[in-house]
Structure formats: structure tokens, C-alpha cells
Amino acid sequence: MMRILVINGPNINLLGVREVEVYGQESYQALLDLLDQVQAELGVELTHFQSNHEGDLVDFIQANYQDADGIVINPAAYTHTSIALLDVLKAVELPTVEVHLSNLSKREDFRQVNYVRDFAIQSFENLGIAGYRKAINYLRDYLEEQG
């Protein structure tokens with residue numbers, strides 16, 4: 001069975017609470033429920049992890065990459081600051097799809113820096129939690145094509 005790591009960075013656990021005008025009203029639990037639904041629909045194994053700590057995200061990738069076929073990641077604020085996340089993604093060499101809830105290109109200037117985008121095989125943004133479904137579908141199809 002195809003195994004995909006779904007990784008979320010800081011404050012994603014506050015979905016539905018923080019800046020609902022930017023991130024939407026759907027809760028983190030709604031995201032987890034969506035991931036369970038997608039897992040059942042697609043017949044893939046999703047291992048999800050969220051942390052507000054950069055090193056924990058790096059440690060999770062290092063501890064789990066050998067048993068995974070690919071990564072879907074929402075680095076959240078670390079998108080714009082974390083060379084460490086970029087380095088671990090490059091080190092483990094797993095196909096990676098980036099997902100963002102909001103439209104980064106329409107956000108603040110400092111959010112225009114994106115360390116993950118150039119490494120990711122695809123990026124989805126501004127789709128709310130539905131972007132995770134698109135990202136997982138895309139990665140599954142990509143991995144099947146790669147054989």
C-alpha cells in the first residue's frame with residue numbers, strides 16, 4: 001500500500017480559530033476527518049503529523065521517510081523561513097507536494113519567500129482544506145506513473 005506523510009507546520013492545529021477570513025472556518029478536526037476520508041477513498045496510508053516546532057517537523061521526516069513513498073506538506077510559516085525543512089526534504093529525496101490554505105501570492109511581502117516551492121513537484125494553494133485532497137490525489141497519481 002502506498003504510504004504518504006502529511007505534515008503540517010505551526011498553527012495549523014488552530015484552524016477555524018485563527019484568522020478565519022484568511023484560513024477559513026473549517027477546524028483542524030475537519031482536516032483530520034478529510035484525511036481519513038481521502039485515505040479510505042484512495043486506498044493509501046496517510047500518516048499525519050502537526051507541530052509548532054521546526055525541529056520536530058525535521059525529526060518526524062527523518063524518522064519516517066524510509067517507510068514512505070511521498071510527502072504532502074504545509075510548512076505554514078516555516079515556508080518562508082526554514083532552510084532546515086528544505087534541507088531535510090532534499091536529503092530524503094521523496095516526491096513532495098506543497099499545500100497552502102490561503103493564496104500566498106496575494107499575502108504580505110515576507111510571505112513571497114518560499115523555500116519549499118522550488119523543491120516540490122507541485123504546489124496547491126488557496127483551496128482551503130480541499131487542497132489536501134488535490135495534493136494527495138496528485139501525489140498518488142505521480143507515484144503510480146513513476147512505477
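## Questions about the fold and its central strand

Q: Among contacts in the protein chain between residues at least 6 apart in sequence, what percentage join residues at least 24 apart?
A: In this predicted model, the figure is 75%. Contact here means heavy atoms within 4.5 Å.

Q: What makes the radius of gyration agree with that of a compact globule?
A: A compact globule of 147 residues would come out near 15 Å, and the protein chain has 14 Å, so the two agree. Along its principal axes, the C-alpha trace spans about 40 × 30 × 25 Å. Buried residues account for 50% of the 147 residues.

Q: Which order do the elements of the protein chain follow from the N terminus on?
A: They run β-α-α-β-α-β-α-β-β-α, which comes to 5 helices and 5 strands.

Q: How do you know that E3 is largely enclosed by the rest of the structure?
A: A residue counts as buried when its relative accessible area is under 20%. In E3, 5 of the 5 residues are buried, so the strand is largely enclosed by the rest of the structure. Gly70, Val72 and Asn74 point one way from E3, Ile71 and Ile73 point the other way, and all are buried.

Q: Which strands pair with E3, and in what sense?
A: E1 pairs with E3 in the parallel sense, over 5 bridges; Ile4 stands opposite Gly70 there. E4 also runs parallel to E3, with 3 bridges joining them, and Ile73 stands opposite Glu98 in E4. Two strands pair if there are at least two bridges between them, so both cases qualify.

Q: What kind of unit do E3, H4 and E4 make?
A: Together they make a right-handed β-α-β unit.

Q: Which residues have the most contacts inside the largest nonpolar core?
A: They are Val72, Tyr132 and Ile136, in a core of 26 residues. Strand E1 (3-8), helix H2 (28-42), strand E4 (96-100) and helix H5 (130-146) each supply at least two residues. The largest share, 7 residues, comes from H2.

Q: Which residues does Val72 touch, not counting those up to four places away in sequence?
A: Val72 touches Ile4, Leu5, Val6 and Ile7, then Val97 and Val99, and finally Tyr132, Ala135, Ile136 and Leu139. There is also a second, separate core of 17 residues, which includes Ile7, Leu57, Val92 and Val116.

Q: Where does UniProt place the feature "binding site"?
A: The unreviewed UniProt entry places "binding site" at Asn74, His80, Asp87, Leu101, Ser102 and Arg111. Such an annotation may be inferred rather than shown by experiment.

Q: Why is Asn74 called buried?
A: Its relative accessible area is 2%. The cut-off for buried is under 20%, so Asn74 counts as buried. Asn74 is found in strand E3 (residues 70-74). Leaving aside its neighbours within four places in sequence, Asn74 is in contact with Ile7, Asn8, Gly9, Ile12, Val99, His100, Leu101 and Tyr132.

Q: Why is Asp87 called partly exposed?
A: Buried means under 20% and exposed means over 50%, with partly exposed in between. Asp87 has 42% relative accessibility, so it counts as partly exposed. Asp87 lies in helix H4 (residues 83-92).

Conventions:
Residues are numbered from 1 along each chain as its sequence is written. This is a predicted model: local features need pLDDT of at least 70, side-chain atom pairs count only at pLDDT 80 or more; totals for chains, interfaces and linings use all residues. Side-chain values use heavy atoms; hydrogens and water are left out. A nonpolar core is a set of buried Ala, Val, Leu, Ile, Met, Phe, Trp, Tyr and Cys residues joined through side-chain atoms within 4.5 Å. Buried means under 20% relative accessible area, exposed over 50%, partly exposed in between (1.4 Å probe, protein chains only). Helices (H or I, at least four residues) and strands (E, at least two) are DSSP runs, numbered from the N terminus. A crossover is right-handed if, with the strands pointing away from the viewer, the path from the first strand over the helix to the second runs clockwise. The radius of gyration is taken over C-alpha atoms; the globule rule is 2.2 Å times the number of residues to the power 0.38.
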